[in-house]
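Hi everyone, thanks for coming. I'd like to walk you through one model today, so let's bring it up on the screen.

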Amino acid sequence: MQKRIGIALGGGGAKGLAHIAMLEVLDDLGVTPSVISGTSVGAIIGTLYAAGLRAGHIREAIRELTAMPESVAEAWENRRLFGWMDLLDLQIGRNNLLSASVFLKKLESLIGVHTFEELQIPIRVVAADFWEREEVVFESGPIIPAVAASFCLPGIFKPSLLDGRVLIDGGSVNPVPYDLIQDECDITIAVDVLGKKVPPDGDLEPSYMDTIFNSFQIAERSIVNEKMRNRRPDVFIEPKILDVRVLEFHKADEIYAQSEPETRRLAAELGKLLTAA
């Protein structure tokens with residue numbers, strides 16, 4: 001009997017591009033997961049994959065979205081001046097700095113369907129209820145509102161108002177949601193892309209933005225560590241991505257390069273589990 005494989009893709013902003021490299025391993029092994037779970041950027045990448053896009057196709061789509069124009073003429077023709085940042089609108093409000101409406105339209109066109117029920121692979125998308133301080137899991141109904149809620153990083157994007165709830169980034173409650181799929185899979189893979197941050201040039205005092213982002217990620221790391229103490233996935237993948245900030249998607253090549261050791265480990269460990277009796 002074919003083994004049921006589940007993969008959980010965690011949050012981590014631009015570092016989540018490492019998820020694409022891990023999904024390429026599954027494609028190379030000819031493995032199709034039975035279920036996916038995702039938080040924040042993991043929900044974005046996971047939903048694209050669940051819609052039927054191969055990992056290589058996702059990598060190319062991300063490359064096109066993040067590419068900087070090579071000339072003024074190209075920038076003018078395509079109305080693209082700053083690569084990835086052109087997909088985000090500066091929209092300073094009482095609780096946010098940026099709007100992701102342009103990006104969400106691009107994402108919806110790439111996904112190609114509108115509801116969870118139309119996806120080729122089931123996926124569970126994690127967000128957090130701001131006032132109730134609890135996890136919210138989406139697995140049916142419209143896709144884009146769920147994914148949008150999942151990556152609403154506090155202070156950066158405006159919280160999502162959905163079904164009478166105020167929703168924010170799922171990393172605040174479940175940064176790597178492998179527990180949502182563990183009981184229904186023979187093999188569960190968890191991919192944690194939180195990475196590491198070190199003081200620049202020996203300056204121990206963090207900047208304003210580093211204070212905000214790293215404080216959030218300290219909490220995420222604590223949640224993951226506690227989950228791992230209670231129950232581990234069959235394969236835990238943790239690319240050693242160093243000094244990549246949340247919105248630095250232009251560092252895609254650097255992120256892929258830093259992910260290579262863990263792609264090899266995933267291929268080796270998953271290969272053993274697939275051939276075990």
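A quick definition before we start: I call a residue buried if its relative accessible area is under 20%. Do keep in mind that this is a predicted model.

With that cut-off, Phe157 counts as buried, because its relative accessibility is 9%. Phe151 is buried too, at 9%, and Phe103 is buried with a relative accessible area of 7%.

Now to the rings themselves. Searching the whole structure turns up three aromatic pairs. One of them is Phe103 with Phe151, edge-to-face, at 5.9 Å centre to centre and 75° between the planes. That pair links distant parts of the chain: Phe103 belongs to helix H5, while Phe151 is in the loop between helix H6 and strand E7, 48 residues apart. Phe151 also pairs with Phe157; the centres are 5.5 Å apart and the planes at 85°, so this one is edge-to-face. Together, Phe103, Phe151 and Phe157 make up one aromatic cluster.

Arg59 lies over the face of Tyr256, 3.9 Å from the ring centre, and the charged end of Lys227 sits over the ring of Tyr178, 4.3 Å from its centre.

Last stop, helix H1. How many of its 12 residues are buried? The count is 10, so to speak a mostly covered helix. Its buried residues are covered by elements including strand E1, helix H2 and helix H8. The length agrees with expectation as well: at 1.5 Å a residue H1 should span 16 Å, and its end C-alpha atoms are 17 Å apart. Just after H1, Gly30 takes a positive phi of about 70°.

Notes. Residues are numbered from 1 along each chain as its sequence is written. This is a predicted model: local features need pLDDT of at least 70, side-chain atom pairs count only at pLDDT 80 or more; totals for chains, interfaces and linings use all residues. Side-chain values use heavy atoms; hydrogens and water are left out. Helices (H or I, at least four residues) and strands (E, at least two) are DSSP runs, numbered from the N terminus. The expected span of a helix is 1.5 Å times one less than its number of residues. Buried means under 20% relative accessible area, exposed over 50%, partly exposed in between (1.4 Å probe, protein chains only). Contact means heavy atoms within 4.5 Å. Rings of Phe, Tyr and Trp (its six-membered ring) pair if their centres lie within 6.5 Å; planes under 30 degrees apart count as stacked, over 60 as edge-to-face and the rest as tilted. A charge sits over a ring if NZ of Lys or CZ of Arg is within 6 Å of the ring centre and within 35 degrees of the ring normal.
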